[in-house]
Amino acid sequence: MQEVLVLGAGYASLAFIKSLSKEVLQAYSFTLVSQSYQHSVQVLLHDVVAGLPGCHALSLTEILPQGVRFIQDEVLEIKEGVVLGQQQEHPYTHLVVGLGFASESFGVAGVKEHAHTLSHYKQCQDLHQQLQKALQASPKPLEIVVCGAGFSGIELVGALADAFKDKVRITCVEAMSGILPMFVPKLAQKAHKYLQSLGVRLQVGAKILECLENGVLVEINGQKEQIGADFVFWTCGVRGSPVIENSPFFKSARSRVEVNGFLEPVGLEKRGVFVLGDCALLKDAQNRPYPPTAQLASQMGAYLGAHFKSVLVNKPPKNSFIYKPKGTICSLGTHYAIGQIGGLCVTGKPALWLKKTIEWWHRRALKL
Ligand SMILES: Cc1cc2nc3c(=O)[nH]c(=O)nc-3n(C[C@H](O)[C@H](O)[C@H](O)COP(=O)(O)OP(=O)(O)OC[C@H]3O[C@@H](n4cnc5c(N)ncnc54)[C@H](O)[C@@H]3O)c2cc1C
C-alpha cells in the first residue's frame, strides 16, 4: 500500500490536500503529521501579537477531508522511508514536506536571547499576554523596537501602533535606506508617511549590530548608538524549518531545499519526495530564488495535489510548476493598507478590503 505522509498543516500542505481528487484520496493512504491540531494563519501573526480581532487559527477537524488521518507530533528528522517524530516513527512511500519557516538572525548577536520573533499562533498569543502585563506594570509608554522594515516588520509595526496607540512608543530600525523594498517607491513612501502619522519612528540606514537586554545597538553613519527598548521584535528575515537542517537526507542551505520544476529536491535519488513552501527554494527563469510567501506555498501545494495521481503511478506530471504572482497587500493596522496588483497600486480602504477578501477566500477554500 502507498503511504503518503504530509508534514505540517500550513499553506502548502493544506493546499496540497485540498487539491487531491476524491478518487486519489480513496485509493491511497494519507497521513498528516503536524505539531498542532490547528492551522495557524501565519500571515496574521502580527495581529495576534497586537491582540487585534480576526480569525487567526482554524481547527484541522474543520479542514481535513474524510480519509486523511491526522497525527499530532513534532517532527525531528526526515530519513529515507521514515520520519522521526517526538512521539513515534512515521513510515512513508511518498512524502510531502511543508514545515514552514524559522527566524533568521543573520549572525547578529543577542537575537536568540533578547529579541522576540513571530513563529506560530500559540507563541504569538503568549507574546500578546507578555505585552499586556508589561503595559499594566509600566507607568509610562512602553518602548518597542521592531528590527526590520520588510513586509512582516511593517505589518507588525502597523498593528502595534493601531492596537496600543499612545501606550507604546515604537521605533522601527532598518539597515536599508527605505522601508518595504518589494513595493514601488510611491507606495512605500505612502506607508512611511502613514506610520509617521501614527507616531512611529522609522530609523532607516541603521545597521543592527546587537540585540541587548534593554534595546538594540546600531550603527548610523559610522557611529554606534544604543536605542533603548522594553521589547525588541526581530523580523529581519526567515529561513526554512530547522528539521531540514537536522536531516542529512537533504542537501540544504539556510534550511531550505532547492527543488526542481516538479518540486522534487534537486540531487535526491529517492523518488516520491516533495518539498513545498518556505522549506523549498525554487528559482525563477533568471536563476533568482522566489521570496517565500503564503501565495507561493499555496500555489505549490495546489499544483502538486492536482498532479499527484500521475506521481503515484510513477509518471512525471505533464507540466512543471509555474508560479503566478497575483499581487501583494501590506496592512498597516486596521485602518490602512497598501497594495500592488500587477501594475495597479491600491491604498487605504480598497486595499484593506482586498486583503480581507483574500483572507476570507483562504478560509473558505480550506473549509470546502
Ligand atoms: C507576520 C507575517 C506576515 C506575513 N504576511 C504575508 C502575506 O501577507 N502574504 C504572503 O503571501 N505571505 C506572508 N507571510 C509569509 C507566509 O506566512 C509564509 O510564507 C507561509 O506561511 C509559508 O507557508 P508554509 O506552508 O511553507 O508554512 P506554514 O504556513 O508556516 O506552515 C508550517 C506548518 O508546519 C508545522 N510545523 C512546523 N514545524 C514542525 C515540526 N517540527 N513538527 C511538526 N509540525 C511542524 C506548523 O505548525 C505549520 O502547521 C507572512 C509571514 C509573517 C511572519
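Is Cys147 buried or exposed?

Modeller: This is a predicted model, in which local features need pLDDT of at least 70, side-chain atom pairs count only at pLDDT 80 or more, and totals for chains, interfaces and linings use all residues. Residues are numbered from 1 along each chain as its sequence is written, and side-chain values use heavy atoms, with hydrogens and water left out.

Cys147 is buried, at a relative accessible area of 0%; buried means under 20%, exposed over 50%, and partly exposed in between, with a 1.4 Å probe and protein chains only. The closest cysteine sulfur to that of Cys147 belongs to Cys211, 4.5 Å away, which is too far for a bond, because a disulfide is a pair of cysteine sulfur atoms within 2.5 Å. Cys55, by contrast, counts as partly exposed, with 27% relative accessibility. For the sulfur of Cys55, the closest cysteine sulfur is in Cys124, at 15 Å, again too far for a bond. By this rule the count of disulfides is zero.

As to the setting, buried residues make up 50% of the 368 residues in the protein chain. Of the contacts (heavy atoms within 4.5 Å) with a separation of 6 or more, 66% join residues 24 or more positions apart. The C-alpha atoms of the protein chain fill a box of roughly 65 × 40 × 40 Å along the principal axes.
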